[in-house]
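Please open the structure in your viewer and keep the selection tool at hand.

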Amino acid sequence: MKIIITGKNFEVTEALKEKINKKFGKLDRYFSPNTETHVTMSVAKSRHIFEVTVHLNGIVMRAEVENTDMYACIDKAVDILEGQVRKNKTRLEKKLHASAFKSEDFKYDAAVEEEHEFKVLRTKRFAVKPMTIEEAILQMNLLGHEFFMFSNAKSKEVNVVYRRKDGNYGLIEPEFI
């Protein structure tokens, strides 16, 4: 696994680099050596934020951890990624067989437990009326939801607004490739 380490408002020490390489070595049994992993560490006041993104062909796995100790963040992020692999092993194998990505990019461990198929417990339908982003955020807040899907009045496409951890809002727009 290729690990690219960067720091924001933070000097990445050799000890941290060694810790990252050692902990992410645990994940080598799942990923091939040419799998690219981006690690970003930042510090804001007393908060240490550790973000990791693993790029496989067509698949992105991500973990973000916030703590007062960067070493604890690293441990937790590795646990999260390992959990994602375990939970989604069957689904990833199905994509592998469907040639969604090259087989040499992802290795599987037979000892890893699997999760059952997704179960849709409820389907909800609602009328989608064109609205501005501001109207969608207002509607989301009125409903007390963390996200809201709507038809963007300007672009005429379906968008999603969501509340971020920092209290701000995000917008998801479709991009067709």
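Among contacts in the protein between residues at least 6 apart in sequence, what percentage join residues at least 24 apart? The value is 43%, where contact means heavy atoms within 4.5 Å.

This is a predicted model, in which local features need pLDDT of at least 70 and side-chain atom pairs count only at pLDDT 80 or more, while totals for chains, interfaces and linings use all residues. Residues are numbered from 1 along each chain as its sequence is written, and side-chain values use heavy atoms, with hydrogens and water left out.

**Stop 1: the whole chain**

Begin with a cartoon view of the protein. Four helices and eight strands are present; helices (H or I, at least four residues) and strands (E, at least two) are DSSP runs, numbered from the N terminus. From that terminus on, the order of elements is β-α-β-β-β-α-α-β-α-β-β-β. Of the 177 residues, 31% count as buried. Buried means under 20% relative accessible area, exposed means over 50%, and partly exposed lies in between (1.4 Å probe, protein chains only).

**Stop 2**

**Stop 2: Lys8 in strand 1**

Select Lys8, which lies in strand 1 (residues 2-8). Is Lys8 buried or partly exposed? At 48% relative accessibility, Lys8 is partly exposed. Apart from neighbours within four places in sequence, Lys8 is in contact with Thr40, Met41, Ser42 and Val43. The C-alpha atoms of Lys8 and Thr40 are 7.2 Å apart, although 32 residues separate the two in sequence.

**Stop 3: the nonpolar cores**

A nonpolar core is a set of buried Ala, Val, Leu, Ile, Met, Phe, Trp, Tyr and Cys residues joined through side-chain atoms within 4.5 Å. The largest core has 25 residues, and those touching the most other members are Phe24, Leu27, Phe31, Met41, Phe50, Val52 and Leu81. Helix 1, strand 2 (36-44), strand 3, strand 4 (59-67) and helix 2 (70-87) each supply at least two residues of this core. Helix 2 gives the most, with seven residues. A second, separate core of seven residues includes Met131, Met140, Phe148 and Phe150.

**Stop 4: Phe24 and Phe50**

Finally, select these two residues. Rings of Phe, Tyr and Trp (its six-membered ring) pair if their centres lie within 6.5 Å; planes under 30 degrees apart count as stacked, over 60 as edge-to-face and the rest as tilted. By this rule there is one aromatic pair. The ring centres of Phe24 and Phe50 are 6.4 Å apart and the planes stand at 35°, so the pair is tilted. Phe24 belongs to helix 1 (residues 14-24) and Phe50 to strand 3 (residues 47-56), 26 residues apart. Phe24 is buried at 1% relative accessibility, and Phe50 is buried at 0%.
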